[in-house]
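Subject: A structure for you to look at

Hi there,

Here is the structure I promised to pass on. Have a look at it first, and then read my notes below.

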Amino acid sequence: MSAHDELLRRHRAVLPGWVALYYDEPISLVDGEGRHVVDADGRRYLDFFGGILTTSVGYNLPEIVEPVRAQAGRMVHTSTLYLIEQQIELAERIAARSNIPDAKVFLTSSGTEANEAALLFTTNLRRSNQVLAMRNSFHGRSFGAMAITGNAGWSASGLSPVQVSYLRGAYRYRSPLRDLADDAYIAAHVDDLRELLATTTSGDVACLIAEPIQGVGGFALPPDGFYGAIAEVLAEHGILFVSDEVQTGWGRTGAHEWGIGAHGVVPDAMTFAKGLANGLPIGGIVGRAELIDAVPANSISTFGGNPLAATAALATLDYLDTHDVRANVAREGERLMTALGEATSLPFVGDLRGRGLMVGVELVHPGTGEPDAAAAAAVLDACRAEGLLVGKGGLAGNVLRIAPPMTVTAAEIDHGAGILLDALSAVGRPHDLAGV
Ligand code: PLP
């Protein structure tokens, strides 16, 4: 029995069955360097998923590991009952990066908690339990975050602490309106929002929460400017706008620091997590002071922004800035998109989309265009066999998600794209896959 077989047996015996593992023969990753990881059997992979976009700048970087090691040797945790200099500095820097005037920051340990906080603050401030969310969205694992998740595959309960109305438009590829020109597409959804507000709410809605590029939803995105136009209608009603930047923040889309930058609007608040500390658990919300302060009772996050996590986040922000990582994202994202462009001529590649280092490839049954989840799983396996890790997602699990650490090099993009193109070509010959 290999190390992996034994781990899988123990995993299945004691961890929940609903924690999905990639691959028929799942792997354990035990070492990393730059954009490469090594599994428990010593196999090396180029990592194009970065622990779900969370190892944002790469594995084992001295600029991040050393400050974390030093901080761990001094003090890991104190709690928010005491002043935490690293937390204060981190909040100052996030507030300054946010473009939100008069911003305050609340730090948590995960993206789910960040979105829970967004629900609490916006419903408190607006004295309303009505919320708008997008179809095909994902916002986390908790009761409230699941309630605003527009994806049955990730909603483990139909019970909800808020009343949710779901907007269309974030997932253009499968929209009946997808062939409209961008302006007309946006205008149609602005009209739909007005109708939604008039027909499914009593008007005094607390907020809209939306991912600028839907992560779990398969890197689906609307045209640029979509959320700017939507936000104009929200403003007419005093409805707050929260951008969930858990996947799109920290320059991941290349063009902007935040995914919402493509839409010409500064939201009332943004939630974040994943890549901020290059893998240490941290999340949070940045927003207008009036909103973040809308908590009329005591509240804390014991771990949120503790000295260790905040140190890692500060080191990651330093790394992002001193290495101009966002410029690398724009450059290498373009290179990846151009390389994968070749795949769009394949009959089972329905859509190639994304921005920066967030690239989705939607696989479909040729002819019908129906989602082909089996093909996505086969490509994942074929890539792994050749030493490349990629992710998948989408409502039907048929979208490949490619999101390497943001420091990926041109040579790594060429190598990874080559493996992906070969794997995609093999999908057209299903009988070959067994041997890949
Ligand atoms: N929001 C988005 C857009 C996400 O993609 C995720 C996780 O994948 C979450 C929220 C939840 O974050 P976490 O898993 O850190 O709780």
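Does F219 count as buried or exposed, and what is its relative accessibility? F219 is buried, at 0% relative accessibility; buried means under 20% relative accessible area and exposed means over 50%, with partly exposed in between, for a 1.4 Å probe and protein chains only.

Some background before the rest. This is a predicted model, in which local features need pLDDT of at least 70 and side-chain atom pairs count only at pLDDT 80 or more, while totals for chains, interfaces and linings use all residues. Residues are numbered from 1 along each chain as its sequence is written, and side-chain values use heavy atoms, leaving out hydrogens and water.

Back to F219, which sits in the loop between strand 7 (207-210) and helix 8 (226-237). Helices (H or I, at least four residues) and strands (E, at least two) are DSSP runs, numbered from the N terminus. F219 is not a glycine, yet its phi is positive, near 50 degrees. Most residues other than glycine have a negative phi. R127 also has a positive phi, of about 50 degrees, without being a glycine. R127 belongs to the loop between helix 5 and strand 5 (130-134) and is exposed, with a relative accessible area of 65%.

Next, helix 3. Its 13 residues reach 18 Å from first C-alpha to last, close to the 18 Å expected at 1.5 Å a residue (the expected span being 1.5 Å times one less than the number of residues). I64, V68 and Q71 are buried in helix 3. These three lie on the same side of the helix because they cover an arc of only 65 degrees around the axis, taken from the directions from the helix axis to the C-beta atoms. On the other side of helix 3, P62, R69, G73 and R74 are exposed. The buried residues of helix 3 pack against helix 4 and helix 10 (307-322).

S79 is buried, at 13% relative accessible area. Apart from neighbours within four places in sequence, S79 is in contact with I84 and T302, where contact means heavy atoms within 4.5 Å.

I hope you enjoy exploring it!

Best wishes
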